[in-house]
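Please look through the structure shown here with the report beside it, taking one region at a time.

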Amino acid sequence: MKNGTSVAEPNRMQPVHPVFRFAPSPNGYLHLGHAYSALLNDTMARGAGGQLLLRMEDIDRARCREDYSAAIEEDLRWLGVEWAVPVRRQSDHFGYYGAILEGLVSRDLAFPCFCTRGSIQAAVAARPGWPSDPDGAPCYPGTCKALSRAERASQIAAGRRAAYRLDMAAVLAVLRGPLDWLELGESNGHPRLVAAEPALWGDALIARKDVPTSYHLAVVADDAAQAVTDVVRGLDLFAATGLQRLLQALLGFPAPRYRHHRLILDEAGQKLSKSRQAPSLR
C-alpha cells in the first residue's frame, strides 16, 4: 500500500444524480482532443443535473508527473470545466487494486507472466496468422500460462518480477450468459445494446511488473469505487469496453452507461496523441 492507503470497497449504492468523469493521464499536456472530451463530459453532466469527477490515471510512475497534473487542472479551469473534489489519483490506490488482483489469482482466474515484449514477439513470429488484440498487439501465446504452480513459485522466489494476465478461458467458463453494454452515443441518440467480445483480447494484461494493476483493471475499479454512472470517452476505447465489461461482471461491479465520441484527427487522419507530439492546448 502507498502512504498507508487502505483497501477501499466500491460504493455499490446507486447515486441519486448521474456521475460522469474525465480521466486523463498526466504524462503530458492536454491537447484539443482532451479538451473536446472534457467539455463534452462537462456539458453532459450539467445537462443531466449530475456531477463531473476528475481522475488522474497516473499508474505509469515513470512518465506521469505532478507538474503535468497541475497543468491539466489549470487548463480545465481555463476551459470553464468544473469538477467535484477531491481529485482521485490512481497512484494513491495501489493497495485497492492489489487486493482485487489477489482475489483473481486466488480464484485461478489470473496468472503471473514473466515474459517480455520481445519474447512474446519472438514466440508468435514463427506462427503465421497469429491473432492480434483490438489494439494491434499480438495476443498472448500462453508461454507462462503453461507453467505449473511450483514453477511459478520458483520464478518468483528467484526474484523474477511478474506481470499478471487473465486466464481468458477460465474467466469465460465461470461467467453466465452473454455480456453487453448500453451505448448511448455522443449525441444521446438511439440507445443500443452492444455485444461485448472480451475473447478478442486473449489472456489480457491486468497488472504490470512495476505496479499491481493495468489500465483496464484500474479503470473498472475506479468507476465502481466512485459510483460512476456515465462514461463519456473517445471511440478509440470502444473495443476496450468489451474487456472492461468482462472485468465488471467478474468482480460484481455495476456497468455504467457508455457514450463513445468521435476523435479529433490531425492532417494525416491520425488521432491526436501525446506520443506523436500533438500540439498541446496551451
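## The second largest pocket

In this predicted model, the lining of the second largest pocket is made up of Val105, Asp108, Ala110, Phe111, Pro112, Arg149, Arg152, Ala153, Ile156, Tyr164 and Asp167. Two elements give two or more residues to that lining, namely strand S4 (110-113) and helix H5 (149-157), and of these it is H5 that gives the most, with 4 residues. The space in the second largest pocket comes to about 220 Å³.

## Two residues around the pocket

Asp108, one of the lining residues of the second largest pocket, is placed in the loop between helix H3 (94-106) and S4. The phi angle of Asp108 is near 60°, which is a positive value in a residue other than glycine. Asp108 counts as partly exposed because its relative accessibility is 42%, a value that falls between the limits of 20% for buried and 50% for exposed.

Ser154 is a residue of helix H5, and with a relative accessibility of 47% Ser154 is also counted as partly exposed. Between Ser154 and Ala38, which are 116 residues apart along the chain, the C-alpha atoms are separated by 47 Å.

## The enclosed cavity

Where is empty space left among the atoms? Rolling a probe the size of a water molecule over the atoms shows this. When the whole structure is searched, 1 cavity of 30 Å³ or more is found, and the largest cavity has a volume of about 40 Å³. Its lining consists of Val220, Asp223, Ala224, Ala227, Val228, Gln248, Phe253 and Pro254, and helix H7 (residues 215-225) gives the most to this lining, with 3 residues. By kind, the residues that line the largest cavity divide into 6 nonpolar, 1 polar and 1 charged.

Ala227, which is among the residues that line the largest cavity, is found in the loop between H7 and strand S9 (230-234). Is Ala227 buried or exposed? Ala227 counts as buried because its relative accessibility is 11%, and the limit for buried is under 20%. The phi angle of Ala227 is near 55°, a positive value in a residue that is not glycine.

## Strands and their partners

Strand S1 (residues 19-22) pairs with S2 in the parallel sense, over 4 bridges, and within this pairing Val19 stands opposite Gln51 in S2. Strand S2 (residues 51-56) is mostly covered, since 5 of its 6 residues are buried.

In a regular strand the side chains alternate between the two faces of the sheet. Strand S6 (residues 180-183) has a covered face, with Trp181 and Glu183, and an uncovered face, with Asp180 and Leu182. S6 pairs with S7 in the antiparallel sense over 4 bridges, and the bridge partner of Leu182 in S7 is Leu193.

## Two prolines

Pro86 is placed in strand S3 (residues 84-89), and the peptide bond that leads from Val85 to Pro86 is cis, with omega near 5°.

Pro198 is found in the loop between strand S7 (192-195) and strand S8 (205-207). With a relative accessible area of 7%, Pro198 is buried. Which residues does Pro198 touch, if those up to four places away in sequence are not counted? They are Met168, Leu172, Leu179, Gly242, Leu243 and Leu246. Pro198 and Leu247 are 49 residues apart in sequence, and their C-alpha atoms are 9.3 Å apart in space.

## Confidence in the model

The chain has an average pLDDT of 92, and 94% of the residues score at least 70. Over residues 1-8, however, the pLDDT is below 50, and this stretch has 13 contacts in the model beyond near neighbours in sequence. Where pLDDT is low, the predicted coordinates should not be read in detail.

Note on methods: Residues numbered from 1 in each chain as written. Predicted model: local features only at pLDDT ≥ 70, side-chain atom pairs only at ≥ 80, totals over all residues. Heavy atoms only, no water. 1 Å grid on protein atoms, 1.4 Å probe; cavity = no way out; pocket = protein on both sides within 12 Å on 5 of 7 lines; lining within 4 Å. Points joined across faces, edges and corners; volume = space filled by probe spheres on them. pLDDT = per-residue confidence, 0-100. Contact = heavy atoms within 4.5 Å. Buried < 20%, exposed > 50% of the residue type's maximum accessible area, 1.4 Å probe, protein only. Pairing = 2+ DSSP bridges. Nonpolar A, V, L, I, M, F, W, Y, C, P; charged D, E, K, R; others polar.
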